[in-house]
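Biologist: Please show me the model, and then let us go through its fold by question and answer.

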Amino acid sequence: MLMIIIKMKVLAKKYKELSQTILSLTDSIRLEKGCLRCDFCRSIEDENELFLLEEWDVWDSLDNHFKSDYLKVLRGAVNLLQEPYEIIYYSRHC
């Protein structure tokens with residue numbers, strides 16, 4: 001199982017716009033082959049820090065996901081962020 005966490009620090013005045021953009025993607029991400037989980041959340045310490053949490057079955061599924069329009073949309077939203085987004089990878093062997 002693979003987990004990625006995409007950490008985003010949104011400009012306060014752009015929170016709603018970015019949230020709507022990310023939420024519009026989550027249902028389609030959940031339907032992608034190999035997606036085990038896709039959740040969108042907000043930090044309790046910093047209301048401008050947002051996280052997209054995704055779990056994938058194998059690397060091939062995650063690789064196909066990254067080749068989809070998903071990352072194009074995320075890259076297009078960088079003007080809504082205070083700083084570049086960060087992608088953190090975790091892998092667990094069962």
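Modeller: Arg42 has Leu50 in strand 3 as its bridge partner; strands are DSSP E runs of at least two residues, and helices H or I runs of at least four, numbered from the N terminus. This is a predicted model, with local features given at pLDDT of at least 70, side-chain atom pairs at 80 or more, and totals for chains, interfaces and linings over all residues. Residues are numbered from 1 along each chain as its sequence is written, and side-chain values use heavy atoms, without hydrogens and water.

Biologist: What is the bridge partner of Cys38 in strand 3?

Modeller: Strand 2 and strand 3 (residues 49-56) run antiparallel and are joined by seven bridges. They form a hairpin with six residues between them. Within strand 3, Cys38 is bridged to Glu54.

Biologist: Which residues is Ile29 in contact with, leaving aside neighbours within four places in sequence?

Modeller: Ile29 is among the residues with the most contacts inside the largest nonpolar core, which has 22 residues. Such a core is a set of buried Ala, Val, Leu, Ile, Met, Phe, Trp, Tyr and Cys residues joined through side-chain atoms within 4.5 Å, buried meaning under 20% relative accessible area with a 1.4 Å probe, protein chains only. Contact means heavy atoms within 4.5 Å. With those neighbours left aside, Ile29 touches Cys35, Cys38, Leu52, Glu54, Trp56, His65 and Tyr70.

Conventions: Two strands pair if DSSP finds at least two bridges between them. Buried means under 20% relative accessible area, exposed over 50%, partly exposed in between (1.4 Å probe, protein chains only).
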